[in-house]
Amino acid sequence: MTERDSRTPDGRPPAEQPRWRRDFPIDVAEDAYVARRDFAKFSVLVSAAFATGQIWLLLRSIFRRRAPGAPPARVASVTDVPVGAAIAFRYPTERDPCLLVRRGKDEFVAYGSECTHLMCAVLPEVEKGRLRCPCHMGFFDLATGRPIAGPPRRRLPVVTLEVRDGGIWATGVKLESEQ
Ligand code: FES
């Protein structure tokens, strides 16, 4: 029995209380107090966990994309990607999923394909000029990688490209702070 339980309404010690009160020692008013206190505790814990998760995702994203001197990598042949099509690749490491999209005859864009909200995979909607994250309906501008709707606030990492010798090459990754 807790200290609060021992404060009985009629002032008699707990041992002299009727059986029903011993079985249910918390009064309605106290019960509401406990519920509010527990709710406040729960809210603080959930907020702290959420903030920690966001910081962890941000740091992970920054450190994983920092691959100084990552060598250029051939992503595909130009002929492999028709206008309006997209292909998935990984750059600068095998743990970094990216999307290459051909917007026009000579126009290619590529981005890290993990949503900057909570890292779900984004999907190209080339005809609508955007990338969509299905998890919480986040949208990014296909031309720039900037968030245009939904929860994401940060731009997708931009993979810089070079077209040479009939191939499309990834040559680096620019994070939001560098764009
Ligand atoms: S993970 Fe993309 S909008 Fe939430």
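This is a predicted model: local features need pLDDT of at least 70, side-chain atom pairs count only at pLDDT 80 or more; totals for chains, interfaces and linings use all residues.
The chain has two helices and 10 strands. By that I mean DSSP runs, numbered from the N terminus: helices are H or I with at least four residues, and strands are E with at least two. Walk along the sequence and you get α-α-β-β-β-β-β-β-β-β-β-β. The chain has 179 residues, and 21% of them count as buried. Buried here is 20 or more other C-beta atoms within 10 Å of a residue's own, exposed is 12 or fewer, and partly exposed is in between, with the C-beta atoms placed from the backbone.

Arg130 faces Asp141 in S7. Strand S6, residues 130-133, runs antiparallel to strand S7, residues 138-141, and four bridges join them. When I say two strands pair, I mean DSSP finds at least two bridges between them.

Those two strands belong to an open sheet of four, in the order S5-S6-S7-S8, with antiparallel pairing. S5 and S8 (147-149) are the edge strands; each has a single partner, so one side of each is left without a neighbour in the sheet. On average, neighbouring strands in this sheet are turned by 35 degrees against each other, direction ignored. For that angle, axes are lines fitted to C-alpha atoms (for helices, over the stretch in contact), and angles in general run from 0 to 180 degrees between N-to-C directions.

Glu125 sits in S5, which covers residues 123-125. Is Glu125 buried or partly exposed? It counts as partly exposed, because it has 15 C-beta neighbours inside 10 Å. Skip the neighbours within four places in sequence, and Glu125 is in contact with Arg130, Leu131 and Arg132. Contact means that the two C-beta atoms, placed from the backbone, lie within 7 Å. Also, Glu125 and Phe140 are 15 residues apart in sequence, and their C-alpha atoms are 9.9 Å apart.

Strand S2 (residues 86-90) and strand S3 (residues 97-104) pair antiparallel over five bridges, and a hairpin of six residues connects them. Inside that loop between S2 and S3 you'll find Pro92, and the peptide bond from Tyr91 to Pro92 is cis, with omega near 0 degrees.

S3 also pairs antiparallel with strand S4 (residues 107-112), over six bridges, and that hairpin has two residues between the strands. Now look at Cys98: it is the bridge partner of Phe89, and in S4 its bridge partner is Gly112.

Cys98 turns up again in the largest nonpolar core. That core has 23 residues, and Cys98, Leu99, Leu100, Val101, Ala110, Tyr111 and Val159 have the most contacts inside it. A nonpolar core is a set of buried Ala, Val, Leu, Ile, Met, Phe, Trp, Tyr and Cys residues joined through C-beta atoms within 7 Å. The elements that give two or more residues to this core are S3, S4, S6, S7, S9 (158-164) and S10 (167-174). S3 gives the largest share, four residues. Leu100 has quite a contact list beyond four places in sequence, including Val75, Phe89, Ala110 and Ile168.

Last stop: the end of the strand list. Two residues separate S9 from S10 in a hairpin.

What is the phi of Asp165 near? Near 55 degrees, a positive value in a residue other than glycine. Asp165 lies in the loop between S9 and S10, and it is exposed because there are 9 other C-beta atoms within 10 Å. Met119, in the loop between S4 and S5, also isn't a glycine and has a positive phi, about 70 degrees. Met119 is partly exposed, though, because it has 16 other C-beta atoms within 10 Å.

That's my tour, thanks!

How values were computed: Residues are numbered from 1 along each chain as its sequence is written.
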